[in-house]
Amino acid sequence: QDWERRQEEDTLLIERILLLVRNVLHVPPDPTEEQGVDGDASVHDRVLWALHISGMDDLLKFLASAQAEQQWALHVLEIISLMFRDQSPEELAALGQGQAAAEHGEDTRELETLRQRELAEKRARALQRPSRHSRFGGSYVLQGLKAIGDRDVVFHKGLHNLKSYSHDLGKETRRVPRRRQAA
């Protein structure tokens, strides 16, 4: 709901949900309880995954970026800081770059193969095409524009020259002697 149509109960409910998420994420890890395998996800990571599956992370992003929802900004900031509580910035940056570099290399190889295939197709088309260019641009009938008699005009130039068409097109202009020219 828009903030104008919200009741006081709705506002309190939103605040309570945000505080509940913050309090759940604020619980400190207990190494004695979390005796799992080395690659196993911690309780904190499983809670984050559950938040992601439920769509709560998208709601938090919306609350953080919406201009009308600035009243929740500090709650959302605290939740986000608790989400990244156990990670160091170096680890997060290295994680993103490792995957990005691998994906970038794969994308580069794929693009290169597509480019090679396209160049091969272009060469094949160039070999199939005759080397001489036909200057014939086609003939067009201009309906509604009458030529001599009752027939429509037949236009032998390209369509891009149609705007400059006149009945005098192609006729030589008569040269008027200088002494007979109008002043």
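**Charge pairing and burial in the predicted model**

Asp58 counts as partly exposed at 46% relative accessibility (buried means under 20% relative accessible area, exposed over 50% and partly exposed in between, with a 1.4 Å probe and protein chains only). The model is a predicted one, in which local features need pLDDT of at least 70 and side-chain atom pairs count only at pLDDT 80 or more, while totals for chains, interfaces and linings use all residues. Residues are numbered from 1 along each chain as its sequence is written, and side-chain values use heavy atoms, with hydrogens and water left out.

The side chain of Asp58 meets that of Lys61 in a salt bridge with an N to O distance of 3.4 Å (a side-chain nitrogen of Lys or Arg within 4 Å of a carboxyl oxygen of Asp or Glu). Both residues belong to helix H3, which spans residues 56–65, and they stand three residues apart, about one turn of the helix. Lys61 is exposed, its relative accessible area being 52%. Asp57 is likewise a residue of helix H3, but Asp57 is buried and has no salt bridge, the nearest side chain of opposite charge being that of Lys61, 5.0 Å away (Lys and Arg count as positive, Asp and Glu as negative, and His and the chain ends are not counted). When neighbours within four places in sequence are left aside, Asp57 is in contact with Leu51 and His52 (heavy atoms within 4.5 Å).

In the whole structure there are four salt bridges. One of them joins the side chains of Glu78 and Arg22, again with 3.4 Å from N to O; because Glu78 lies in helix H4 and Arg22 in helix H1 (residues 8–26), this pair ties together parts that are 56 residues apart in sequence. Both partners count as partly exposed, Glu78 at 31% relative accessibility and Arg22 at 21%. Helix H4, covering residues 73–83, also holds His75, which is buried with a relative accessible area of 18%. Apart from neighbours within four places in sequence, the contacts of His75 are with Glu15, Leu18 and Leu19. A further salt bridge, at 3.1 Å from N to O, is formed by the side chains of Lys146 and Asp152; Lys146 is partly exposed, at 45% relative accessible area, and Asp152 is also partly exposed, at 26%.

Negative charge is gathered on the surface in a patch made of Glu103, Glu106, Asp107 and Glu110 (patch residues have over 30% relative accessible area and no salt bridge, like charges being joined within 9 Å and nonpolar side chains, namely Val, Leu, Ile, Met, Phe, Trp and Tyr, within 5 Å).

For the protein as a whole, five helices and two strands are assigned (DSSP runs of H or I with at least four residues, and of E with at least two, numbered from the N terminus), and their order from the N terminus on is α-α-α-α-α-β-β. Of the 183 residues, 14% count as buried. Among the contacts with a separation of 6 or more, 42% are between residues 24 or more positions apart. The protein exposes about 16300 Å², of which carbon and sulfur atoms supply 55% (by the Shrake-Rupley method with a 1.4 Å probe).

Key: Charge placed at Lys NZ, Arg CZ, Asp CG, Glu CD.
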